[in-house]
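The sequence and structure come first.

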Amino acid sequence: MLARVANNLFWMGRYIERAEHVARYMNVNYFASLDAPNELSQSRQFVLQSLLFMADDFSRNDHELNEEQVLYDIALNPDNAFSIINYVKLARENANSARDLISTELYEAINKFYHFVLNYPVEQFQKGGLYDFTVQVTENVSVLRGKIRGTLLHDEVYAIIMLGVNLERATQVIRIINSKFKDAVLAQGSYGDTLKNSYEWTTLLKCAESYDMMRRFYRETPTSFTTLEFLILNPDCPRSVMNSLNQVSLHIRKLTHEKYPQKHTSGFLIGKVRAKYQYKIIEEIEIDLESFIQNILDDLNSIALKLEKEYFHY
Amino acid sequence: MNLEYNIRYAAKNTYENEASKALWQFLIIPENNETQQLISDEFTNSLKIQVEESINGYNFRTYKIRPKERFDEVEFQADFKLIKRVENIFERVSLEYSKDEYKILRSLEFRVTNDVFLRSTALTKLPHQVEFQFDENISLFENLQNLNSWIKNEFTFKTNVTDIDTDLNHILEIKQGVCQDFTHLFIAIAKEFGIPARYVSGYLHQGNGYFGDSQMHAWVECCLPSSGWIGFDPTNNLLAAENHIKVAHGKDYTDCPPLKGVVFSSGKNETEYTVQVSAQQQQ
Amino acid sequence: MKKTNDNPTFESYNRDPKLFDEIFDENDNVRDIYKTLFNLYSEHSAKDFGRLNNKAKSSFFNQGITFQVYGDHEIKEKIFPFDLFPRIIDAQEWELIEKGVLQRSKALNAFLWDLYHDKNIIKEGIVPLELISSSANYLDQINGFDPPGGIYNHISGTDLIKHSDGKYYVLEDNIRCPSGVSYVICNRTALKRALFGVFNHYQAHTVTDYAENLLQILETVKPKGVDVPNCVVITPGIYNSAYYEHSYLAKAMGVELVEGRDLFVENDFVYMKTISGPQKVDVIYRRIDDQFLDPLEFKPDSALGVPGLMAAYKKGNVCLVNAPGTGVADDKAIYTYMPEIIKYYLDEDPILNNVPTYHCSRPDELEYVLENVHNLVVKPVDEAGGYGISIGNKLSKDEIEEVRKTLKENPRKYIAQPIMSLSVHPTYIEETECFEPRHVDLRTFTLLGADKEFVLKGGLTRVALQKGNLIVNSSQGGGSKDTWVLKNN
């Protein structure tokens, strides 16, 4: 496979995954805030800040935000680099250049998704279309996941897309954790709850589509402790960082045929990062969550760079 | 009698911003032909990249170099050794006047065979009539010799008044230029009359004080029905002979620049090069 | 069977007696070959066709079978409109077409070999030297070079029309990078999806064997010493208007679709950059023009090509398909000499007619053209895509004067031909929700390899959707039809 095309497939996977996480974060946060148990969590400004924080660059503004503008910027503003519409455009552009390698079915699904987003009436979106739009985005991505899994030969092409999907998923889940953690810190104490028992943990789980799974696993109300343990370390949760790392390490094996990868390879680095988190315990993470987040984002980034250098260089 | 030549070509490219990828093609290797024989060639560069040997579109030998690492400066050096046979051109040329020569020149067969070197190109297109006139009562060779001296008399050698894209319109106006301008002009006038003419790039031995600077030189070859391709050097009003070492030919300069490059870099870049030619008589 | 009696969707079908109508004869009777189809179609109402038409449109759109149109500010994605009424060609008629286009392709190949070697046809005064020497498409670089297998135009697209006399005429031979074959296959698929029942009543040849034949042709011209050649398709990229076709062909042949930046040349061999390192490339089906192939030889600022590619080609280490330099024979002025070219190389009479042509470069013919602009089609010799064409009987007085002026200024650039009336075919028109007659042509696809040849049994029937328009190019708003070549009963 061409290195350039491999790079495009990798990024196609990443952009598809990214579009979904941003859409779901918007949806869950916005609607959860409407009847949140504390005043701050209910405040429009608080939610908008959180959305921008997650979608953009982890920073909060001091000035007053305009709701219509923020929602439009994140969803449909084509001039905004971190908008969903841009991610879908990029996913489709990447699919275009690998069109001869992916199935007709997958391409058609991406193309339909692209035209859906491109033609979504801005007016309708601003007049209460947020729910409809974000749900349709996440459903379209589910269709794409099915097409990727079910209509592609599970060979190198599939492995590269899955590497992109899983690295991005781990990254996005960490970003969501980071945002909700900040929200929880800011909202704590405003009506007597502690950080540990914040309402924001439930929202966080819903943002990662993991609330039901988590309840089934722990059979208790989410706390900071159980939520983070579940989303970061539980290998059976399909959205957890650990699960994503396991997937990454599974799919890299399609690209390298060495049983024991050499130390300068991506395979080696992936194994090393995976081992690091496989034996992590939540007590260690909780001591300094902020440094942990920075650390894991750096690890994920270094894997992407290594893959680029080893396989996608053209 | 033979001459033994040592030729050194040295170039230096500098780039304002670091360049990542590049491919350079050098068209500087003397060709092997009836009068010259290449004994050895050596090519080195400061980036220590392996040199590939290839050909250009007209089958002349080239060097190609493709750096894999970033760079902002690179130096090249080539050394050639060759033997040049000293010949009397006049023995090869039919000096007898014959009307048939003109007849053959205009025959379809001759024009088709030499079609490529009869086509006008952007650099060898005459914008208007020039004063020089062909005289069909003397031989073609004599006419071309007259053309050679006409250019030498009417035009002044001067550097930095023209560049590689200068068209004949400008040259005819300022009446100045360098070897490649005079070569283009000669080619244009010869082709206009129907004589196949081509641009030759090569080295000039400057021991005798000829014009040609310390750079690559340019002259003309014309195809005469009776004698084949003969070289004329309008810059010096000479026939190309033992002092002219041929590298390549083409329709005009664009077919034979000594260095062509595809470089991925932003900003300005500069190329400097020098040529040294020294000769020794062989016993 | 008459046209209006039993078919409401043909209510507004007005047959023009001056034109050849593909499905109705001069007495308005349905031609034999179309009778079954016409009956089957009369079972559907106008509404049905409207629905099917919309379905077909969105199917093309969703599959991304589109091309880009460059406007002033934005790039628009458009489908190449597909028509629901297929064109049928019977076995006998097809035999003539197939033999005819193959004959032309072979003659052109022999002609190209001659032009780049001894040039006998010019020396013998059959084709004028000026035609070649003034052609910007003649490549000196391959003068004297023997392309692998001796083939130049591996892929030819021949455009045919049926004139009012009921005979086929060739309009042009496209031998640079003829496009459109992917639409032949898409049209078949789309018609099957929309009206599968009709296929049960006709025995039509398949069109899906094109890609496998193309791959075989590519393999016949592999470089010496290569056992199993690595073939690729090179495209200018995803923004090219024919990108869908490039990706379709690569996919259908199971070969890589590359861009110039994926390839590099080392020691005069071509390699592509893959995830497991460099991999040698032996045959390149190139869909970029000569001038962009190699910045070292041609346009120095071309980023589409591969530096050093021509040297690799000339050393015989890679084969380019079609060969560089074929453009010299893909010229409207050369076209006019086709009967002589066929006779000269094959010693045969042309099987297919050529449209009579006037060369504006010849003073007496220019004079005739200047006097008869209103009765002629005037075309530039070197423009593709239907640009710069003026059709005499559609011009105002001022426009005729304008054309005359242009011709006098630059006679070499133009040729003129009688106005050929393209035949008409029933075409679904959205505005009226009815079938109406529209002009059609036919592009055939011919493959030539070393000891192998193939003509696709089918073709691209292009249709001018605007009433009365004679230009059927997609860039000028044309559509296309599925084209059936019937098997011998």
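## Sheets in chain C and domains in chain B

Leu376(C) stands opposite Pro418(C) in E17(C). This is a predicted model, in which local features need pLDDT of at least 70 and side-chain atom pairs count only at pLDDT 80 or more, while totals for chains, interfaces and linings use all residues. Residues are numbered from 1 along each chain as its sequence is written, and chains are lettered from A and ligands numbered from 1 in the order in which they are written.

Strands (E, at least two residues) are DSSP runs, numbered from the N terminus, and two strands pair if DSSP finds at least two bridges between them. Strand E15 of chain C is joined to strand E17 of chain C by five bridges, and the two run antiparallel. Both belong to an open antiparallel sheet of four strands, in the order E14-E17-E15-E16 (chain C). Its edge strands, E14 and E16 of chain C, each pair on one side only.

A further open sheet of chain C has three strands in the order E8-E9-E10, also with antiparallel pairing. Its edge strands are E8 and E10 of chain C. Strand E9 of chain C pairs with E10(C) over five bridges, and there Val270(C) stands opposite Val281(C).

| Domain | Residues |
|---|---|
| Domain 1 of chain B | 2–85 + 257–282 |
| Domain 2 of chain B | 89–255 |

The contact (C-beta atoms, placed from the backbone, within 7 Å) takes 21 residues from domain 1 of chain B and 17 residues from domain 2 of chain B. On the domain 1 side, E15(B) gives the most, with five residues.

Note on methods: Domains from an automatic or database assignment. Contact = placed C-beta atoms within 7 Å.
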